[in-house]
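This report concerns a predicted model and is written for a reader who wishes to relate computed geometry to the coordinates.

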Amino acid sequence: MQRFVKQFRTLIAATCLTLGLWSCGGWVQGFDPRRDLVADNLLDTTSQVTFLITGVQRAFSLAYGNAAIQAGGLSDELIFDARVPNATFPTYQLIDAGTPQLDNNSVSTLLTLIGNYRFLADTLGVRMERIAAKSDTVNDAGARATVRRGFFQSYLHSGIARHLYANYIGLEARRGGATIATSPFIPSTTMHDLALGYLNRALPFASAAEARVVNSIIARIHLIEGRYPQAQAAAALGMRSGDGPLQAVYSAQTISPLWWTEAGRGRAQFVPDPRFARYIAADPAEGRVFPGAVSGTVVVPVGAGDAELAAAAPNRLNLIGPIVRTGLTFHLQAIYPNQDTPHRFITWQENALMLAELASRNGDDATALTQVNNVRRAYNLAARTATTLDSVYIERDKTLFGSGQRLSDQRRFNRWHLGATTWWYLPITLPERSLNPNLRTP
Amino acid sequence: MRSKLLLVLALLIGSCGAVFAQGVIRGKVTDKKTGETLVGVRVTATSQEDKKPVGAISNKEGDFQVQNLKNGKYTLLVSYVGYKSGESTVTVDGGATVTANFQLVLDVKGLDEVVVTGVASRTQKAVSEVAVARVNASELTDKMGYTSTGQLLSGKVAGVTITPASGTVGGGLRFNVRSGAGLFGGSPVIFIDGVRVGGGNVGTGTSGPGVGGQQVSELADLNPADIENIEILKGAAASALYGTSGQNGVVLIKTKRGRGLGNNELTINYQGIYGFNTPSRAITEEMAVSYKEANAIYARAPFAPGNKTPFEGTAPIIQHGVNLQGNSGIFNYYLGFEDRNEKGIVQQNELRRQSFRLNLDAVTSRDFSISGSVNYVNNFITRPQNDNNVLGWLGNTMLFSPFIADAAANGGGPIPRAFGTYQFTDSLGIALAENAANTRRLIASSEIKYAPSWLPGLNLRAVVGYDNNTIRFETLFPATQFYSGIQSGNRSIFTLSNERLNVDASANYEAKNVFIEGLSSNTTLGMQAFNTITRTNFIDAQRFGTDLVRDIGSGGATTFSISEFFENRRDAGIFLRQEFSYNQIVSLSLAARNDFASSLSPDASAIFYPQASTMLRIDKLGVLPEVVNLLKVRAAYGETGSLPGVIDAQRLLFTTGQSGFGPGGIVQVLGNPSVVPERIREIELGFEFELDNAYGGEFTYIIGNAVNSLINVQRAPSTGLNGVAGGVRRNLGSIDQWGFESSLYARAIQSTDYELTFNVIFNYFDNVVRSIGNTDEGAPAFLQDGFNRQYIIPGQRRSQFIGPKPVTPRFNAAGYYDYVNGPVMDTARANGVLYTPTGALIGSPIGGSAPLYTGSFSINFRFLRDFTLYALAEFGIGGNVYNGTRQFHTNPTYANNITFNRLANQLGLARGQAGAQAGVSNIPRYADVAPLTPNTPEYQRAAEAFMRQDWISVGRGNVANFTESANWARLRELSLRFNATRAFNDVGIGVKNLAFTLTGTNLFLLTNYTGVEVEINGNPGSIVSQSQDFLTLQQARALNFMISLGF
């Protein structure tokens, strides 16, 4: 033994070293993974598709909810006034003035949320291609249905994400558009074309009701882009009376709509423009005004509980107020009265108003009137006897309150309320401008 | 079965070794210089045939006698604390008595002691190629009563400072080893008898419920009295072979082992400690107008004025410790038990610790030995709510002034505020809030050594270590009291469990006279593997309705919070070291380690760490006078690293996000598969000298850097991955570090009755951050703490305080100080003012946090043979502390700073004065302060002084105004010990040891810092935020009486 060890000690040491290197490398990689995390590649199965779709829908709720309130602030829908109790966000104040700076953190947050939403939707589509290619998926009817849902939701949301970019984000004050995955700047029209590409790909995977939703979104995009014939064609296939809205869904325990947290009972930074109170004053059937009072740093409804507020949510307009503070009289919105009130993204009423607008633009006032009255009837409002393009604009103002459409309406109808150099879009902020090599100023 | 048990018992406690009464070795041991006899010297005779040792102790005449020796050759080893060991070979033949006398030489600094110099290398300190540090803990615990291991090390080791988070008993610690290794510093890795243990801080954020910035130190679980010594490998040059885990140095704790060496010896020791914690500083009116209320919360000293009974209101310390140290047959054993109960200086701070330790060593054959250790600890620590916390005593006595402004507006003087200073939380509410951390911890190890007789020089060693601690945090805010942010009571339970397993194995082969006579070769091949699992779970509920039902399940369902965490990490490394030494005059070592870690991608390149070191004993070259008994120069280079987090290298990980749609998949982690560990390099150059075996010193210059430091890099928002987990970890940072550590020591007097030794440590360390990456690549322009006070930013020291500086006050149209708009700030780049790449003002560098110069001075004076006076003073110079408490005092809402208040009165800004403005009108009027006239030089001077009290924001200069130079010197330890052993033995009461000791800790502080506690470290685990004092509890002054009894 002694002689053997002495004679071969170098060889023994080298063998130990080699064995040690080999076994250490394997051993350290055999660790137990975290329980709260799952590797991306383990999600490529049909059993995970619902989980992934829900993740995309969650991201949609966050991105759309954030876009809708900032768009409301930039438009003449919401106002910022420091006299509102606890309204202190300077980023919102600058957005309201149409002068958001490139370091506006609120807009940066929105860009992060839309980016995350777009990433989840796009990667779901790529993942669905991999899942669909698996033989066990092809041969299983249940799996095929899941795959259909996966493709549909992926393409739907990839389209909506690009629509959010095109409609709300801009490189310059009057130049809409954004970037995708550090791409060069994509103008709004091109971005909307990308959105339409995804939405059209969603249609083959859609149910009849889902297809109507997709067509309404397509119609909205064409309308924004001023392509009225295409908008007419899509809207004709769009949502009908009785169709449920496509909406962001929230819960009090997880995430709440920003229209509740930052323009409602949460901590109101924005409050509705006073004209909405005037709308109701002119026609009390437009909505309810719940009495409110300042309690500490928030405004609370007086005499009405959560359930009563929720019951009134189907109204076109609801407000809490009036509150008077240092010469300011204001209301809070109450169409999203509770933390779990869903946030409407698109409705059959919007589709009807698109048809009305398109008819009006075509000189077909009778159709326009019919569509406007269809909408008014749904809200138990008296029928109009005549309509014009301008009255459709006002109907849209009331009907689409809180859905982020006012910003593009003001642009489309050339009814901008601020100065000539103010922003029509929320700016691409510094994080993207500095970290995207295609956008960086040399 | 019974007979087997008896056999086992016999093996454990019986005398199994057959003894054959034959030869005797006897002799006398004396001091070579003085000729005085040495008492209690341990003499070990080891048979060269069967390697079995037999021992004896010299008596009061210095005589020893080793009996019952078989015929044969014996190696005699004589060892005595403070002396170099003596060794000789004697032959016992025919039962004769052999005489062997020894004259021992002083070894003031333990040059002959074998010390650890690396992962598997040990050598005598005199020939070590790297700077080594050993703290003889057992000597210290004889002198002082320590609560934790951290206190044991404080001020004892050159290059190492230990800063407590606060004065909370059992609280967290920050280790500063040299300049802090990597970009973000950190704590050293700690081994106890070969077990790699956790030594970090738990109890805030993800590691338990916080009570402000305080945490609980895992080191508070160890019984200091169990520790024999602590060795520290301080930098990469020494710790490279520990691999990626050794980036901040390695602390090796060795606990006490059994003694006796086959003689069936048994020593039973008892140590009792009885003492008190008291505040080390009184709060003065200059520190807070509310000083009376602030002082009233602290425990009182025994016999303090006002005590109804002598010990009323005191914070007692009571400790009982018993250990058995001895030998039985083939076993050496150490059995230790400790029960310590210590109360902190404010209510709700208490430590109750029971520790049990069993160390066993067995020599089963002449080739083979095994040893094992088991330590079980039950540690119960309750913490008060301090540090940036309005639910505790400090937040309710150190923020609000006890006076209000109103009536004083008419010049009537301040009037008391309703409810005094308790404006946030009622004193009963504070008293009833509970926060407890109960640790149950098992630390166990077993070690096997094999030195085959058939191949002399080969030594095989394997250690398996296990550290399992479970900490259960419980908090309670009773429903019947009001607490801000809590609805009808709150209770939470957080359980943190750490399971750590390490296996270390090495083979060492030493060959003498290779190639040439006198040249020895030492080759070591080894491996280390470490597996750690962390589990936590947390539940929290509010809305209890009553304080009588506290079951967490009875809390309100809508406020439940539940979470769980699990993480497993594995590290491993294999190393090879080759050393050549020529007659211990000159030596050269080359080594390398290859590391593996589960926190790196399998595709990551190998982690390879080289190390090289050398030393030359000039004193052995024969060119120096004989008085120089040591002059050694040494140089070493090493590299080590700092690992990324476990998931940092994993490309894309999803988790569950809840919404109204239900649970859905969201991206949680975007990793970087190519991330590698931060690499730390260090060159160490040093020399050591000793004259006349009595005076000596050492000096080590260190220069190094860290590169590839891990920085979180943001992706562009359009990628969809911006903001995910704070960014992607990339190897972009770097920092340069340099400095020196030095010590001088002297044994000025040495005689039977008197002995005087001094020890001075002086360190200087600095660093500068070189890079944290390019902002165009998504790297941040700087890293900062949550309050924008301290930065990691290129060109500056780590954790530099930075902020705009006020230059000149503004005045309003009426000529009064313009409090609304604040002072004019320094924005001139020419003055060194820093800006971000996008042009935003950051501010002027104000100073670093950690002291540039640290050190200590200690003295040990034994007089009249049996009395010993010991003192240790520490200092820190060149550091800064942010006085957040003073900042809040100058908030007019609190108006708790007398200087600020009086200045405001002078400037006419106080309540009802002509210049009162929004923001300052809450300041009370002082009838004895005459207002100054605006637009006069006196008013200008007062305005400039007031400007430097502006508390409002970073933009108004609060970083510059409240970051204070914080130099300090502290009398850390003082003890007077009377060794009564001789006196008792002289009167016929036979004891091995009997001593009475009086000790004091933190007895005196000298500082220019205006706050209460200068040695501050609000958050010991924070990367950037250091030395920020906000309602931080001061360190306690501890007074102890100790009895040590051994028989």
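**Helix packing in chain A**

The axes of H14(A) and helix H16 (residues 389–399) of chain A come within 9 Å and cross at roughly 165 degrees. H14(A) is therefore roughly antiparallel to H16(A), and their crossing is left-handed. On the side of H14(A), the contact is made by A:Gln349, A:Leu353, A:Ala356, A:Glu357, A:Ser360 and A:Arg361, and on the side of H16(A) by A:Leu389, A:Val392, A:Glu395, A:Arg396 and A:Thr399. By class, the residues of this contact divide into four nonpolar, three polar and four charged.

The terms used here are defined as follows. Helices (H or I, at least four residues) and strands (E, at least two) are DSSP runs, numbered from the N terminus. Axes are lines fitted to C-alpha atoms, for helices over the stretch in contact, and angles run from 0 to 180 degrees between N-to-C directions. Angles under 35 degrees count as roughly parallel, over 145 as roughly antiparallel, 65 to 115 as roughly perpendicular and the rest as oblique. A crossing is left-handed if the near helix is turned anticlockwise from the far one by less than a right angle, and right-handed if clockwise. Two residues are in contact if their C-beta atoms, placed from the backbone, lie within 7 Å. Ala, Val, Leu, Ile, Met, Phe, Trp, Tyr, Cys and Pro count as nonpolar, Asp, Glu, Lys and Arg as charged, and the others, Gly among them, as polar.

Helix H14 (residues 348–361) of chain A also packs against helix H10 (residues 228–236) of chain A, at an angle of about 140 degrees and with the axes 10 Å apart. H10(A) and H14(A) are therefore oblique to each other, and H10(A) passes H14(A) in a left-handed crossing. A:Tyr228, A:Ala231, A:Gln232 and A:Ala235 of H10(A) meet A:Asn351, A:Met354, A:Leu355, A:Leu358 and A:Arg361 of H14(A). Six of the residues in this contact are nonpolar, two polar and one charged.

**Chain A as a whole**

The model is predicted: local features need pLDDT of at least 70 and side-chain atom pairs count only at pLDDT 80 or more, while totals for chains, interfaces and linings use all residues. Residues are numbered from 1 along each chain as its sequence is written, and chains are lettered from A and ligands numbered from 1 in the order in which they are written.

Chain A has 18 helices and 14 strands, and its C-alpha atoms fill a box of roughly 110 × 55 × 50 Å along the principal axes. Of its 442 residues, 49% are buried (20 or more other C-beta atoms within 10 Å of a residue's own; exposed means 12 or fewer, and partly exposed in between, with C-beta atoms placed from the backbone). Among contacts in chain A with a separation of 6 or more, 70% join residues 24 or more positions apart. In strand E11 (residues 319–325) of chain A lies A:Pro322, and the peptide bond from A:Gly321 to A:Pro322 is cis, with omega near 0 degrees.

**The interface**

The contact between the chains takes 54 residues from chain B and 57 residues from chain A. E31(B) supplies the largest share of the side of chain B that touches chain A, eleven residues. That side has 24 nonpolar, 22 polar and eight charged residues.

**Local features of chain B**

In helix H10 (residues 937–947) of chain B, the buried residues are B:Tyr939, B:Ala942, B:Ala943, B:Phe946 and B:Met947. They lie on the same side of H10(B) because they cover an arc of only 140 degrees around the axis, the arc being that of the directions from the helix axis to the C-beta atoms. On the other side of H10(B), B:Pro937, B:Glu938 and B:Arg941 are exposed. Strand E44 (806–808) and helix H9 (898–906) of chain B are included in what covers the buried residues of H10(B).

B:Ser799 lies in the loop between strand E42 (790–792) and strand E43 (800–803) of chain B, and B:Arg865 in the loop between strand E48 (853–863) and strand E49 (867–877) of chain B.
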